[in-house]
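Dear colleague,

Please find below the sequence and structure for your files. My notes on the charged residues follow directly after.

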Amino acid sequence: MDETEFWELIDTTRAAAEGDPEEQADVLVDRLLQMDPELVLDFARHFEARYNRAYRWDLWGAAWVLLDGCSDDAFDFFRCWLIGQGREVFEGAVHEPDSLAELLDDFDDEIDGDGEELGYAADEAYEQLTGTVAPDLGIAPAPAEPEGTPVAFEDEGALAQRYPRLWERFRE
């Protein structure tokens, strides 16, 4: 599976689920179950590489503004959700986190921002296909700390200044 195929699978499952991240995870597992186990591992590698790439302080700050707070676990689930939004939103957010204000058409704080189940989809499919736990993916683990400069999450003035578009759209 190449990068284009990875993103096509993300896009088609999001569309089939009408944007609901939990439903998207279910659809994704169903689609992965139709593949060879090695392709499922390829998908997992693509997912994990992007998940690790999004482990950035500036993106965590954007998630904090968007979600009105964001714990360690919530940021893990946010990164899964962000991948589930597709290539344009993911790449735009990683490049410029404040651009999420324009990249997200709709945002329902009841369901959006948490893609925990998406993070488990490949493992679940692999286990169903093979009866075994997925092997090590052979990619570098995420760094111990997020990349970049830490963000003062509790300083609303600093957040408003650093993420003006997100702040205006989601906090004011």
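In which loop is Asp-68 found? Asp-68 is found in the loop between α4 (57-67) and α5 (72-84), where helices (H or I, at least four residues) and strands (E, at least two) are DSSP runs numbered from the N terminus.

Please note that this is a predicted model, in which local features need pLDDT of at least 70 and side-chain atom pairs count only at pLDDT 80 or more, while totals for chains, interfaces and linings use all residues. Residues are numbered from 1 along each chain as its sequence is written, and side-chain values use heavy atoms, with hydrogens and water left out.

Backbone and exposure

Asp-68 has a positive phi of about 60 degrees although it is not a glycine. Its relative accessible area is 57%, so Asp-68 is exposed (buried means under 20% relative accessible area, exposed over 50%, partly exposed in between, with a 1.4 Å probe and protein chains only). Glu-18 likewise is not a glycine and has a positive phi, of about 50 degrees. Glu-18 is found in the loop between α1 (3-16) and α2, and is exposed because its relative accessible area is 75%.

Salt bridges

Side chains of opposite charge can pair when their charged atoms come close. With a salt bridge taken as a side-chain nitrogen of Lys or Arg within 4 Å of a carboxyl oxygen of Asp or Glu, the count comes to twelve.

Asp-68 takes part in one of them, with Arg-171, the closest N and O atoms being 3.1 Å apart. Arg-171 lies in the segment after α10 (164-170) and Asp-68 in the loop between α4 and α5, so this pair ties together parts that are 103 residues apart in sequence. Arg-171 counts as partly exposed, at 22% relative accessibility.

Glu-3 is partly exposed, with a relative accessible area of 28%, whereas Arg-50 counts as buried at 10%.

Arg-53 and Glu-91 meet through their side chains in a further salt bridge (2.7 Å, N to O). Because Arg-53 lies in helix α3 and Glu-91 in helix α6 (residues 87-95), the pair ties together parts that are 38 residues apart in sequence. Arg-53 is partly exposed at 39% relative accessibility, and Glu-91 is partly exposed at 24%.

A buried arginine

Arg-79 has its place in helix α5 and counts as buried, at 2% relative accessibility. The side chain of Arg-79 makes a polar contact with the side chain of Asp-76 (2.6 Å); such a contact is a pair of N or O atoms within 3.5 Å, where within protein one must be able to donate a hydrogen and the other to accept it, and residues adjacent in sequence count only if both atoms are side-chain atoms.

Helix α9

Gln-161 is placed in helix α9 (residues 156-162) and counts as exposed at 68% relative accessibility. The C-alpha atoms of Gln-161 and Trp-7 are separated by 32 Å, the two residues being 154 residues apart along the chain.

With kind regards
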